[in-house]
Amino acid sequence: MNREELRQLLERLNLRGNHVVVQTSLASLGPIEGGPASLCETLIEAVGPSGTLMMPTFTQTETIRESVPNRNPGAAISHRPIPYHADLPVSPDVGIVAEMFRHMAGVLRSNHPTHSFAAWGRQAREVLSTQRDNNPLGPLKKLNVMQGQVLLLGAPLQAATVIHLAEERASLPYLGRRTALRINAGGYEERVVVENFPGCSVAFDRLDAYLDPNKVHRALLPHGEARKIAVRYLVNLASQVLVNEPRFFICDNPVCVGCASKRAAVGNIPAMQGQG
Ligand SMILES: [Zn+2]
């Protein structure tokens with residue numbers, strides 16, 4: 001895809017002036033002239049100076065002290081942790097687009113040790129400033145209040161981090177506590193206790209079956225589709241589903257450590273429908 005084709009594709013999604021969090025599966029786009037940098041530039045142009053563009057630049061694979069399950073269920077991380085600092089590359093599973101985006105001119109990055117976000121645009125500073133060590137999803141909550149959008153460029157719903165907001169809202173004992181490392185303002189390594197640490201999101205894909213097609217803005221990609229969905233709609237939908245079935249976002253992988261602990265945590269909550 002060349003730059004002009006990319007520009008036209010994003011135009012079909014009406015992004016101008018939107019406050020949007022983007023998750024990309026590069027494979028769905030095929031080869032892009034100019035690579036991920038070109039994609040980032042085109043996204044910035046599409047949103048424009050009145051909008052805000054945000055991407056997760058998570059580093060939990062690197063900065064966590066404990067051995068914990070990562071986003072690949074069952075795969076435990078066991079390594080010597082690297083303390084978070086502003087120039088720490090994103091975790092490999094977060095992807096090269098976010099890694100490129102955090103280097104772009106005018107892009108800011110928050111300093112959360114595991115769940116930093118990078119943002120560009122009018123409200124970038126305001127959105128990022130809502131994040132606290134015990135409130136990693138703060139920027140997404142702000143986006144919800146600002147009537148922001150989730151843009152999935154070929155990425156599945158399991159990449160939609162905003163769905164964790166529904167888990168938090170449901171007060172289900174889903175969100176954990178971890179200890180991570182960070183280089184503080186004085187240049188020293190510090191231990192940071194991270195509360196409300198989001199777990200496995202594989203089962204978010206189940207929400208596909210509940211999406212109202214009229215609420216999803218779509219555009220075809222060379223190998224998949226782009227979907228723009230209002231944060232508020234997606235979070236409310238996930239919340240409704242969780243009321244009926246608190247186990248809805250527990251994945252089927254028997255060796256997923258994160259979901260095993262979720263299962264234990266909601267074990268005593270009666271489901272109104274479905275099966276545990
Ligand atoms: Zn899982």
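Val231 touches Leu140, Leu143, Asn144, Gly148, Gln149, Val150 and Val162, leaving out residues up to four places away in sequence; contact here means heavy atoms within 4.5 Å. One thing to keep in mind is that this is a predicted model, where local features need pLDDT of at least 70, side-chain atom pairs count only at pLDDT 80 or more, and totals for chains, interfaces and linings use all residues. Residues are numbered from 1 along each chain as its sequence is written, and side-chain values use heavy atoms, with hydrogens and water left out.

- Val231 lies in helix α9; helices here are DSSP runs of H or I with at least four residues, strands are runs of E with at least two, and both are numbered from the N terminus.
- Val231 counts as buried because its relative accessible area is 0% (buried is under 20%, exposed over 50%, partly exposed in between, with a 1.4 Å probe and protein chains only).

**How α1 sits on α3**

- The axes of helix α1 (residues 3-11) and helix α3 (residues 35-47) come within 10 Å and cross at roughly 40°. Axes are lines fitted to C-alpha atoms, for helices over the stretch in contact, and angles run from 0 to 180 degrees between N-to-C directions.
- That angle makes α1 oblique to α3 (under 35 degrees is roughly parallel, over 145 roughly antiparallel, 65 to 115 roughly perpendicular, and the rest oblique).
- On the α1 side, Arg3, Leu6, Arg7 and Leu10 meet Ser38, Leu39, Glu41, Thr42, Leu43, Glu45 and Ala46 of α3.
- Sorted by class, this contact has five nonpolar, two polar and four charged residues; Ala, Val, Leu, Ile, Met, Phe, Trp, Tyr, Cys and Pro count as nonpolar, Asp, Glu, Lys and Arg as charged, and the others, Gly among them, as polar.

**Loop residues**

- Thr57 is in the loop between β2 (52-56) and α4 (60-63), and counts as buried because its relative accessibility is 0%.
- Leaving out residues up to four places away in sequence, the contacts of Thr57 include Val90, Arg102, Arg109 and Phe117.
- Arg102 belongs to the loop between α5 (96-101) and β3 (108-109), and is buried at 11% relative accessible area.
- Arg102 and Met55 are 47 residues apart in sequence, yet 8.4 Å apart in space, C-alpha to C-alpha.
- Gly106 is in the loop between α5 and β3 too, but counts as exposed at 57% relative accessibility.
- Beyond its neighbours within four places in sequence, Gly106 is in contact with Ala119 and Trp120.
- Asn135 sits in the loop between α6 (124-128) and α7 (138-145), and is buried, with a relative accessible area of 18%.
- Asn135 touches Thr130, Lys141 and Glu168, not counting residues up to four places away in sequence.
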